[in-house]
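Here is a short walk through one structure. Keep the sequence and the 3D view at hand as you read.

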Amino acid sequence: MTPTNRRAATEDPVCTPSAPCGVTNISHAVFRTARAHRMAAGRLLRGAGLYAGQELLMMRLWDAGPQRQSDLIKVLELDPSTVTRMVQRLEQSGLVTRRPDPDDGRAVLVEATEAGHALRTPVEDAWRRLEEITVAGLSADERQELARLLARVEGSLCDAADGPADVC
């Protein structure tokens with residue numbers, strides 16, 4: 001973010017050169033914030049050798065153990081081709097393995113390797129740092145209010161979603 005954008009965001013967080021006031025305000029601010037958050041996550045995760053998004057798949061494997069690839073697609077709420085590419089890249093990096101599911105030969109189980117498990121602490125550290133960066137400068141009361149408001153916004157978006165009820 002350039003100093004000009006930082007100043008504009010401080011003075012009026014919904015008015016920037018790319019989003020003039022009155023045109024896209026809150027939705028554009030949410031979009032910009034989500035994009036900045038993902039970029040910050042990406043920078044922090046690079047130290048662990050991961051791209052933003054891959055850590056979510058790894059977290060699922062750490063918490064739940066080996067998973068069918070089809071279940072990862074559902075849990076991560078991503079396109080099957082995206083999860084397939086993600087698993088392939090993680091496998092090429094030696095962080096996961098794929099094997100046939102012994103209960104269903106048509107299904108594939110994805111499992112974290114020893115090297116994949118070794119990333120748990122660095123990824124957790126990156127997420128803690130991301131949280132610190134995200135709420136830097138906010139008081140404890142402001143953090144609670146932000147969490148409350150974001151939960152309401154998420155609820156409204158989920159209520160309005162056209163997709164399956166379990167997406168949100």
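At roughly what angle do the axes of H3 and H5 cross, and within what distance do they come? The model is predicted. In it, the two axes cross at roughly 75°. They come within 10 Å of each other. An angle from 65 to 115 degrees counts as roughly perpendicular, so H3 is roughly perpendicular to H5.

Now look at the residues that meet there. H3 brings Gln54, Leu57 and Met58. H5 brings Val83, Met86, Val87, Arg89 and Leu90. Sorted by class, this contact of H3 with H5 has six nonpolar residues, one polar and one charged.

Stay with H3, which covers residues 54–64, and turn to H4, which covers residues 69–76. Their axes come within 11 Å and cross at roughly 120°. That angle makes H3 oblique to H4. The crossing is right-handed. On the H3 side, the contact is made by Leu56, Leu57, Arg60 and Leu61. On the H4 side, Leu72, Val75 and Leu76 take part. Six residues of this contact are nonpolar, none is polar and one is charged.

H5 gives the largest share, four residues. By class, the lining has seven nonpolar residues, three polar and four charged.

Finally, move to another helix pair. H2 runs over residues 25–46, and H7 runs over residues 120–135. The axes of H2 and H7 come within 9 Å and cross at roughly 145°. Their crossing is right-handed. H2 makes the contact with His37, Ala40, Ala41, Leu44 and Leu45. H7 answers with Val123, Ala126, Arg129, Leu130, Ile133 and Thr134. Eight residues of this contact are nonpolar, two are polar and one is charged.

Methods: Residues numbered from 1 in each chain as written. Predicted model: local features only at pLDDT ≥ 70, side-chain atom pairs only at ≥ 80, totals over all residues. Heavy atoms only, no water. Axes fitted to C-alpha atoms, helices over the stretch in contact; angles between N-to-C directions. Helix = DSSP H or I, 4+ residues; strand = E, 2+ residues; numbered from the N terminus. Parallel < 35°, antiparallel > 145°, perpendicular 65-115°, else oblique. Left-handed = near helix turned anticlockwise from the far one by under 90°. Contact = heavy atoms within 4.5 Å. Nonpolar A, V, L, I, M, F, W, Y, C, P; charged D, E, K, R; others polar.
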